[in-house]
Amino acid sequence: TQPFSEDYSNPRGIPRVEFIENIADFVKKRGVTTETILRQFQETHSKYKLMEHKLNQNMTMLQNKIPEIKKDLDAIAMLKKKKETEETLETNFGITELAFVDAKIPPTNTVHLWLGANVMVE
C-alpha cells in the first residue's frame with residue numbers, strides 16, 4: 001500500500017498522526033517549546049479518546065438492535081411459511097404500550113420493516 005499524501009484529510013475528521021523518528025529534530029523543526037508540543041499531543045489524544053468513546057457507543061447501540069432484528073427475521077420466516085400453506089395469520093398489533101388490535105394478515109409477497117429514523121424497507 002502507498003502512504004497517504006501530505007494533504008490527505010480523513011472524511012470523518014480523524015486527526016492524522018505523525019510518526020516521529022527523531023524527537024530532537026521534531027522539536028527543532030516545530031520551533032516551539034516542549035510544553036506546547038506536549039499540549040498539542042494531549043489535545044490530539046483527547047480527540048482520539050472522544051472518537052473511541054463515540055465508536056463504542058455506536059457499537060453498543062448496534063449490538064442492542066440485534067435481538068430486535070432476529071425477532072423480525074423470525075417473523076418474516078413465519079410469514080413465508082404461512083404464505084406457502086396459503087394460511088391467514090391471526091395476530092395482535094401493538095398500537096401503544098397498552099393498546100393492541102387483532103389483525104388477520106392474508107398471504108403476501110412483500111413485508112415492510114420499519115428501521116427507525118423514517119426508514120422503511122420492503
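Is Lys 82 buried, partly exposed or exposed, and what is the relative accessible area of Lys 82? Lys 82 is partly exposed, at 23% relative accessible area; buried means under 20%, exposed over 50%, and partly exposed in between (1.4 Å probe, protein chains only).

The views show a predicted model, in which local features need pLDDT of at least 70, side-chain atom pairs count only at pLDDT 80 or more, and totals for chains, interfaces and linings use all residues. Residues are numbered from 1 along each chain as its sequence is written, and side-chain values use heavy atoms, with hydrogens and water left out.

**View A. Salt bridge between Glu 87 and Lys 82.** The N to O distance is 3.3 Å. A salt bridge is a side-chain nitrogen of Lys or Arg within 4 Å of a carboxyl oxygen of Asp or Glu. The whole structure holds two salt bridges. Glu 87 is partly exposed, with 38% relative accessible area.

**View B. Salt bridge between Glu 52 and Lys 49.** Here the N to O distance is 3.0 Å. Both residues lie in helix H2 (residues 34-84), and because they are three residues apart there, about one helical turn separates them. Helices (H or I, at least four residues) and strands (E, at least two) are DSSP runs, numbered from the N terminus. Glu 52 is partly exposed at 39% relative accessibility, and Lys 49 is partly exposed at 43%.

**View C. Glu 84 in helix H2.** Glu 84 is exposed, with 68% relative accessibility. From Glu 84 to Lys 65 the C-alpha to C-alpha distance is 29 Å, and the two are 19 residues apart in sequence.
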